[in-house]
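Me: I'm new to reading protein models. Could you walk me through this one, feature by feature?

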Amino acid sequence: MPTFSSRKFRPSSPSIPLSLQDRLGAAYRSRMHRHPFLLFGLPFILTMVAGSFFLTPATALRYERHDRKVKQLSKTEELGLKSKDGKAGRGWDINEEYYRLAAKDLDDWENKRVKRLKGEHDGIL
């Protein structure tokens with residue numbers, strides 16, 4: 001016996017008038033069987049395209065806000081690098097930084113514990 005019967009469902013009492021919603025649903029289902037793309041696929045595709053057009057301004061606003069934050073940060077960095085007389089500040093050189101770090105004595109150091117906050121577990125067993 002097949003899972004779904006091939007016979008159409010017929011209500012037991014056809015004398016009861018169907019509501020408008022039931023009649024529209026039945027008409028849609030019968031037409032959906034004949035024209036699936038027209039009644040299901042096309043509205044779906046149109047919804048996706050319309051959603052894309054409606055979401056474009058929201059996406060643009062997001063990126064504009066991000067660009068404003070980046071510009072503010074670059075202006076702050078620019079102000080930090082310039083001296084009071086308006087000239088460029090001291091430059092940074094990777095070779096100079098390497099030699100400065102190489103000159104430090106890395107073999108002679110002492111491990112110091114950080115003071116814990118009150119009530120914080122200090123990690124000592």
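Reply: Helices (H or I, at least four residues) and strands (E, at least two) are DSSP runs, numbered from the N terminus. This is a predicted model, where local features need pLDDT of at least 70, side-chain atom pairs count only at pLDDT 80 or more, and totals for chains, interfaces and linings use all residues. Residues are numbered from 1 along each chain as its sequence is written, and side-chain values use heavy atoms, with hydrogens and water left out.

Me: Is Phe53 buried or exposed?

Reply: Buried means under 20% relative accessible area, exposed over 50%, and partly exposed in between (1.4 Å probe, protein chains only). Phe53 has a relative accessible area of 62%, so it counts as exposed. Across the 125 residues of the protein, 1% count as buried.

Me: Where does positive charge gather?

Reply: Lys and Arg count as positive and Asp and Glu as negative, while His and the chain ends are not counted. Each charge is placed at NZ of Lys, CZ of Arg, CG of Asp or CD of Glu. On this surface, Lys8, Arg10, Arg31 and Arg34 form a positive patch. Arg34 lies in helix H1 (residues 20–34), and it counts as exposed because its relative accessibility is 57%.

Me: How many salt bridges does the structure hold?

Reply: A salt bridge is a side-chain nitrogen of Lys or Arg within 4 Å of a carboxyl oxygen of Asp or Glu. The structure has one, and it links the side chains of Glu97 and Arg100 (2.5 Å, N to O). Both sit in helix H3, three residues apart, about one turn of the helix.

Me: What is the mean pLDDT of the protein?

Reply: pLDDT is the predictor's confidence in each residue, from 0 to 100. The mean is 80, and 77% of residues reach 70 or more.

Terms used. Patch = residues over 30% accessible without salt bridge, like charges linked within 9 Å, V, L, I, M, F, W, Y side chains within 5 Å. Areas by Shrake-Rupley, 256 points an atom, 1.4 Å probe, with all protein chains shown as cover.
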